[in-house]
Each structure stands twice: as C-alpha cells, then as structure tokens.
Amino acid sequence: MDNCIFCKIAMGEIPSNTVYEDNDFRVILDIAPANPGHCLILPKNHAADIFEMDEELVAKAHCLAKKIATALKSALKAEGVNILQNNGAAAGQSVSHYHIHVIPRNTGDNVTLNKEGNSMSSEEFGAIADKIKAAL
Ligand code: AMP
Ligand code: ZN
C-alpha cells in the first residue's frame, strides 16, 4: 500500500518510537497517547482491518498484546491496561491499517478512550520507550 502511513512506519521507512519488532510486527508509541506508554501493534503486511487479517496473524497479534501489556505493567507500574482495536470509521478507526492499542491505566487517570490524545516531547517519548524496551 503506497500511501499507507502505518505500512511506512511498520517497514521502518518513517521513523517511530519503536519498542519491539519481529518478522510480522512493529510496536510503536502512539504519537498522541491517551496515557504515556500508549503502544500500537502494527502488522508489517498491510491489512485495513480485522476482516482483512489472516486468522493466524490475529492470534499472534493478541499474544503480542499480552506481552506488551505485561511490559507496561512492570515498566510503568500500570495498575491496568486497555487493549483496544477499532474496525471501520463508524467504530472510530482513523488509520486504515489494522492496529491494536495497548494503553497503560491507573486509577483516577481520567482517560476517556477515543478522545484526542495528549502531546509529548521527543525526549519524553524516548525515555518511556527505553523503559518499555528494558521490560521486554
Ligand atoms: P485509530 O483511531 O484506532 O485508527 O487509531 C489511530 C491511532 O494512530 C491514534 O491513536 C493516533 O494518535 C495514532 N497515530 C496516527 N498517526 C501516527 C503516527 N505517525 N505515529 C504514531 N501514532 C500515530
Ligand atoms: Zn498499511
């Protein structure tokens, strides 16, 4: 997919705050995090949504979501984690390349899902990415 930004990020053609990579996926920090440490799991092969995803890859993506959630709990002392995956504009999907959100949560953090995210400096992104990488 020539014009897909998540294809370019997943393939490393556009820089990102990557916390994990294997043959099938790249995991990055969301540019407008609901909370610091908000990760996105991106498959390297383009699929617009879950309906275009190979079933085995969906299973692998969810195993990876558990691995990332576990790292967020230990690296960031998150009390809880949301795992969220939107399909179609009507469901709040804004980038048409399948992705899973893994969002660290704490009691009273006032996060409202599907609201506009927060901004962070590149130093803040780098520091939190290093913490998560060290827990993986
Ligand atoms: P969704 O609304 O489920 O499609 O989620 C898309 C997510 O991608 C949003 O949380 C955006 O903040 C995030 N996003 C969009 N562009 C980028 C980018 N270039 N790098 C990292 N995250 C991005
Ligand atoms: Zn794509």
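**Reading the site of ligand 1**

The space taken by ligand 1 is the largest pocket. This is a predicted model: local features need pLDDT of at least 70, side-chain atom pairs count only at pLDDT 80 or more, and totals for chains, interfaces and linings use all residues. Residues are numbered from 1 along each chain as its sequence is written, and side-chain values use heavy atoms, with hydrogens and water left out.

Q: Which residues surround ligand 1, and which are the closest?
A: A residue is near a molecule if one of its heavy atoms lies within 4 Å of it. Here 16 residues surround ligand 1. The closest are Asp30, Asn86, Ser94, His99 and His101.

Q: What is the make-up of this shell by class?
A: Ala, Val, Leu, Ile, Met, Phe, Trp, Tyr, Cys and Pro count as nonpolar, Asp, Glu, Lys and Arg as charged, and the others, Gly among them, as polar. The shell has nine nonpolar, six polar and one charged residues.

Q: Which N or O atoms lie 2.9 Å or 3.0 Å from an oxygen atom of ligand 1?
A: A polar contact is a pair of N or O atoms within 3.5 Å; within protein, one must be able to donate a hydrogen and the other to accept it, and residues adjacent in sequence count only if both atoms are side-chain atoms. A side-chain N or O atom of Asn86 is 2.9 Å from a ligand 1 oxygen. For Val95, a backbone N or O atom lies 3.0 Å from one. A polar backbone atom of Ser94 is 2.6 Å from an oxygen atom of ligand 1.

Q: Is His99 buried or exposed?
A: Buried means under 20% relative accessible area, exposed over 50%, partly exposed in between (1.4 Å probe, protein chains only). His99 is buried because its relative accessible area is 5%. Its side chain reaches the backbone oxygen of His97 at 2.6 Å.

Note on methods
Chains are lettered from A and ligands numbered from 1 in the order in which they are written. On a 1 Å grid over the protein atoms alone, a cavity is a set of points where a 1.4 Å probe fits but cannot get out, and a pocket is an open set with protein on both sides within 12 Å along at least five of seven lines; lining residues have an atom within 4 Å of a point. A molecule sits in a cavity or pocket if more than half of its atoms lie within 2 Å of its grid points.
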